[in-house]
Amino acid sequence: MNEDNQLILLIKSNPQEGLSKAMDLYGGSMKWVISKILGYSNSEDIEECMSDVFVKLWKNIDKFKADNQASLKSYLYGIARYTAIDYLRKSQASLEIVSLEENDIGFFVDFADELARETNSRIIQEAVDSLPEPDRKIFILRYFLQQRINSIADSLSLSPKTVENKLYRGKKMLREALIERGIII
């Protein structure tokens with residue numbers, strides 16, 4: 001039985017001890033994910049959000065299926081990310097003031113979707129930026145600038161096979177980085 005399954009069983013049989021162990025194992029990572037979304041200066045909200053993440057884990061532990069695709073850690077990253085985005089939405093909703101003129105002309109922004117889109121964009125940008133060179137450049141040329149593999153290979157003086165291999169490894173590294181940052185793929 002793997003570590004995730006043991007922890008899940010512990011959370012089900014003894015929630016206090018199981019959640020305490022989960023916090024010991026994953027608390028630092030969850031704090032990092034939440035801090036990246038809420039900002040590091042808001043320590044009270046970060047702590048409250050972390051508590052909510054582990055409560056949600058406890059309430060939804062039966063929904064998690066331990067398999068080769070997702071670890072408990074990546075499941076928690078997803079919970080942390082979406083919980084932090086909800087906190088950010090609530091705090092921004094209380095601060096949002098839209099002028100009368102904007103309402104009169106039909107100006108409308110769905111702040112919830114816009115916030116999630118901006119957060120996802122930032123996380124993806126950080127993950128792409130973390131790729132080593134020339135992998136980062138190849139990834140940008142291929143997926144952002146839509147260049148063909150042969151064109152990329154020519155411009156970087158690489159073989160098309162090397163470009164394909166770097167794209168494959170880059171996608172794998174990017175996937176891991178995104179899961180680590182709370183985006184479930």
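User: What share of the contacts in the protein chain with a separation of 6 or more comes from residues 24 or more positions apart?

Analyst: The share is 61%. Contact means heavy atoms within 4.5 Å. Some ground rules: this is a predicted model, where local features need pLDDT of at least 70 and side-chain atom pairs count only at pLDDT 80 or more, while totals for chains, interfaces and linings use all residues. Residues are numbered from 1 along each chain as its sequence is written, and side-chain values use heavy atoms, with hydrogens and water left out.

User: How many helices and strands does the protein chain have?

Analyst: There are nine helices and zero strands. Both are DSSP runs, numbered from the N terminus: helices are H or I with at least four residues, strands are E with at least two. In sequence order, the pattern reads α-α-α-α-α-α-α-α-α.

User: Why is Phe-54 called buried?

Analyst: Buried means under 20% relative accessible area, exposed means over 50%, and partly exposed lies in between (1.4 Å probe, protein chains only). Phe-54 has 2% relative accessibility, so it counts as buried. Phe-54 sits in helix α3, residues 43–59. Neighbours within four places in sequence aside, Phe-54 is in contact with Leu-19, Ala-22, Met-23, Tyr-26, Gly-27, Met-30 and Leu-76.

User: How many residues does the protein chain have, and what percentage count as buried?

Analyst: The chain has 185 residues, and 34% of them count as buried.

User: Is Ser-157 buried or exposed, and how do you know?

Analyst: Its relative accessible area is 68%, so Ser-157 is exposed. Ser-157 is in the loop between α8 and α9, the latter being residues 160–180. Look at its backbone too: phi is positive, about 55°, although Ser-157 is not a glycine.

User: Is Leu-178 buried or exposed, and why?

Analyst: Leu-178 has 9% relative accessibility, so it counts as buried. Its place is in helix α9. Ile-123 is 55 residues away along the chain, yet the two C-alpha atoms are separated by 7.2 Å.

User: How do helices α7 and α8 cross?

Analyst: Two packed helices are described by the angle between their axes and the distance between the axes. Axes are lines fitted to C-alpha atoms, for helices over the stretch in contact, and angles run from 0 to 180 degrees between N-to-C directions. Here α7 (residues 135–144) and α8 (residues 149–156) have axes that come within 10 Å and cross at roughly 145°. From α7, the contact involves Lys-137, Ile-138, Leu-141 and Arg-142; from α8, Ile-149, Ile-152, Ser-155 and Leu-156. By class, that makes five nonpolar, one polar and two charged residues. Ala, Val, Leu, Ile, Met, Phe, Trp, Tyr, Cys and Pro count as nonpolar, Asp, Glu, Lys and Arg as charged, and the others, Gly among them, as polar.

User: Which residue pair is joined by a cis peptide bond?

Analyst: Glu-133 and Pro-134 are, with omega about 0°. Pro-134 lies in the loop between α6 (111–129) and α7. Asp-135, by contrast, lies in helix α7. Asp-135 has a relative accessible area of 8%, so it is buried.

User: What makes Arg-81 lie over the face of Tyr-82?

Analyst: The rule asks for NZ of Lys or CZ of Arg within 6 Å of the ring centre and within 35 degrees of the ring normal. Arg-81 is at 4.9 Å from the ring centre of Tyr-82 and lies over its face.

User: How many aromatic pairs are there?

Analyst: Rings of Phe, Tyr and Trp (its six-membered ring) pair if their centres lie within 6.5 Å; planes under 30 degrees apart are stacked, over 60 edge-to-face, the rest tilted. By this rule the count is zero.
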